[in-house]
Amino acid sequence: QDPRKAAESLQPLLDLAVKTVPASQHSKTPIMVGATAGLRLLPDGKADAILAEVRTWLSQFQFKFTDADVKILSGVDEGAFAWLTLNYLLGHLGQKESNTVATIDLGGGSVQEAYAMAADEVTTAPDAQYLTQLRGGGRQYHVYVYSYLGYGLMAARAGVLDEQIPEGGHPCVPAGYEGSYTYGDKTYNMVGGN
């Protein structure tokens with residue numbers, strides 16, 4: 001509801017960057033902000049307002065960026081970056097595909113699955129549009145990523161609560177509980193079932 005606060009939420013990351021990157025390198029160091037599915041699901045131009053505020057807020061720093069560097073990631077990008085990060089942290093980059101790990105990333109608005117395919121398996125991929133190429137550890141990887149938009153934890157909760165339930169309360173809400181849950185621009189009444 002407050003694009004400025006959304007932009008300011010990045011302050012701890014920028015504080016770390018300012019402290020870590022030598023001041024003489026700030027203007028040469030690129031910075032990128034990639035939003036995930038939660039922003040993709042916002043209605044009525046709210047995502048655009050948040051991204052515009054992030055761009056304005058970042059302009060007070062000396063780091064190098066363009067407006068195009070602040071964007072909403074595609075589900076494929078989101079999953080690919082998760083795969084790359086996890087395999088980097090586990091020390092698997094540079095190894096053959098069978099030694100890497102697959103990722104399943106449960107976010108608020110979506111779920112992404114990603115795994116590396118051996119070169120001879122690429123032609124059998126279920127859908128080539130979900131293949132992306134990444135380099136890591138001196139090796140090229142073909143990573144298959146599929147994003148299930150609307151199946152993240154918060155989106156799924158909204159989907160369950162949106163189901164029409166006969167009188168007597170919702171069976172997925174604890175008995176005796178009364179409250180509300182807001183996701184996007186919609187508020188769901190939560191009344192516990194028997």
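**View 1. Tyr 146 is partly exposed.** Its relative accessible area is 26%, and partly exposed covers the range between buried, under 20%, and exposed, over 50% (1.4 Å probe, protein chains only). This is a predicted model, with residues numbered from 1 along each chain as its sequence is written. Local features need pLDDT of at least 70, side-chain atom pairs count only at pLDDT 80 or more, totals for chains, interfaces and linings use all residues, and side-chain values use heavy atoms, without hydrogens and water.

**View 2. Tyr 130 and Tyr 146 form an edge-to-face pair.** The ring centres are 4.8 Å apart and the planes stand at 70°. Rings of Phe, Tyr and Trp (its six-membered ring) pair if their centres lie within 6.5 Å; planes over 60 degrees apart count as edge-to-face, under 30 as stacked, the rest as tilted. Tyr 130 sits in the loop between strands E4 (110–117) and E5 (131–136). Tyr 146 belongs to strand E6 (residues 139–149).

**View 3. Five tyrosines form one aromatic cluster.** They are Tyr 115, Tyr 130, Tyr 144, Tyr 146 and Tyr 148. The structure holds seven aromatic pairs.

**View 4. The largest pocket is lined by 20 residues.** Nearest its centre lie Asp 2, Ala 6, Leu 39, Leu 42 and Ile 50. A pocket is an open set of points on a 1 Å grid over the protein atoms alone, where a 1.4 Å probe fits, with protein on both sides within 12 Å along at least five of seven lines; lining residues have an atom within 4 Å of a point. H4 gives the largest share of the lining, five residues.

Technical notes
Helices (H or I, at least four residues) and strands (E, at least two) are DSSP runs, numbered from the N terminus.
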